Amino acid sequence: MMENIGPLLKHWPYSQDNTIRKIIDEDGTEKIQVRVDQGAFQGILQMELDGRPDGHKPHRSIFVLDYFQSKRDKYIESNGKEEGFELKKAHCRELFDESHQIYERYVFLLQIQDYDRVIQDTERNMDLFRFVNRYAKTEKDRLNLEKWWPYVLRINAIARVMITTQNEDYASAIAIIRDVLEQIEALEKVDAEEFHMEKERSIQALNELLEELEQKRPLTETERLKKELLMAIESEDFERAAELRDRIHQTEQSD
């Protein structure tokens, strides 16, 4: 077995514009690779695209979250209620580690525009956040991931918006952003610097994207007529302006 990665590095020279790629291994499995260059140390980081990024199957489950959800379900089946089921510190550490791995993957997936997988990973982390918040034994563990809600909501929204705008469905994209902005604004405050920083950044980034989409989307018939009306008034074409007012009134009534 060849252990020297020199040939791999030679065929993938480091470039800031070309640091991430997908590959398919001999088993036909897709993976993501990241090219790194740290002076004398050069290499390639690799993660799985499906399942856990590290390829492990903790507790013989695809995800740690799946394992503990199954334990919760069995507990409820045995006891008839969920009260009493809890995640101890060691359990939470496993879940925190998995959440961070998934975060690291969807950051790279966003860069290579694999939006479907970004949505999948961000939604999995949201489920993990909710699960920990509900069942962690200590308050510290229950609140540990809550500070990242603004960020994960933003990334999930951006991925969904990118998919809808590829189909030129600007109305749906705008609706997604407005809905997520409301969700972020309504988040319960978390006493952590990361929460306040990410909330501010997320609101700013989503508002900028919203403004960009508003400029790109086609005007509605009413908006087009109102634009023509302003032009007619500015040019003192009052006969045309009166005609446009009537058409606007008819269009708004039909809406």
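Visitor: Which exposed residues does the face of helix 7 turned away from its buried side carry?

Guide: This is a predicted model. On that outward face of helix 7 sit Ala171, Glu182 and Ala186, each of them exposed.

Visitor: Which residues of helix 7 are buried?

Guide: Tyr170, Ala173, Ile174, Ile176, Ile177, Val180, Leu181 and Ile184 are the buried ones. Viewed down the axis of helix 7, they fall within an arc of 155 degrees, so they line one face of the helix.

Visitor: What do the buried residues of helix 7 pack against?

Guide: Their partners are helix 6 and helix 8.

Visitor: Let us turn to helix 10. What span should its 17 residues have, and how far apart are its end C-alpha atoms?

Guide: Helix 10 covers residues 238–254. At 1.5 Å a residue it should span 24 Å, and its end C-alpha atoms are 24 Å apart, in agreement.

Visitor: Which residues are buried in helix 10?

Guide: Ala241, Leu244, Ile248 and Thr251 are buried there. Their arc around the axis is only 85 degrees, which puts them on the same side of helix 10. The other side of helix 10 has Glu239, Gln250, Gln253 and Ser254 exposed.

Visitor: Now the cores. How many residues has the largest nonpolar core, and which have the most contacts inside it?

Guide: To read a core, look for buried nonpolar residues joined through side-chain atoms within 4.5 Å. The largest one here has 55 residues. Those with the most contacts inside it are Leu87, Leu95, Phe131, Val132, Ile177, Leu206 and Leu213.

Visitor: Which elements give two or more residues to this core?

Guide: One is strand 2 (30–38). The others are helix 2 (64–79), helix 3 (89–111), helix 4 (115–135), helix 6 (149–166), helix 7 (170–186) and helix 8 (193–216).

Visitor: What lies apart from it?

Guide: Another core, of 5 residues, lies apart from the largest one. Ala232, Ala241, Leu244 and Ile248 are among its members.

Visitor: Take leucine 87. Which residues does it touch, not counting residues up to four places away in sequence?

Guide: Leucine 87 touches Phe68, Cys92, Leu95, Phe131, Val132, Tyr135, Ala136 and Lys137.

Visitor: Where do histidine 59 and arginine 60 lie?

Guide: Histidine 59 is in the loop between strand 3 (41–48) and helix 2. Arginine 60 is placed in the loop between strand 3 and helix 2 as well. At 38% relative accessibility, histidine 59 counts as partly exposed. Arginine 60, at 86%, counts as exposed.

Visitor: Last, the whole protein. How many helices and strands are there?

Guide: There are 10 helices and 3 strands. Along the sequence they follow α-β-β-β-α-α-α-α-α-α-α-α-α.

Visitor: Is the protein spread out or compact?

Guide: Compare its radius of gyration with the globule rule. The radius is 25 Å, well over the 18 Å that the rule gives for 255 residues, so the protein is more spread out than a compact globule. Its C-alpha trace spans about 80 × 60 × 35 Å along the principal axes.

Visitor: What share of the residues is buried?

Guide: Buried residues make up 39% of the 255.

Terms used:
Residues numbered from 1 in each chain as written. Predicted model: local features only at pLDDT ≥ 70, side-chain atom pairs only at ≥ 80, totals over all residues. Heavy atoms only, no water. Buried < 20%, exposed > 50% of the residue type's maximum accessible area, 1.4 Å probe, protein only. Helix = DSSP H or I, 4+ residues; strand = E, 2+ residues; numbered from the N terminus. Contact = heavy atoms within 4.5 Å. Expected span 1.5 Å × (residues − 1). Arc of directions from axis to C-beta. Rg over C-alpha atoms; globule rule 2.2 N^0.38 Å.
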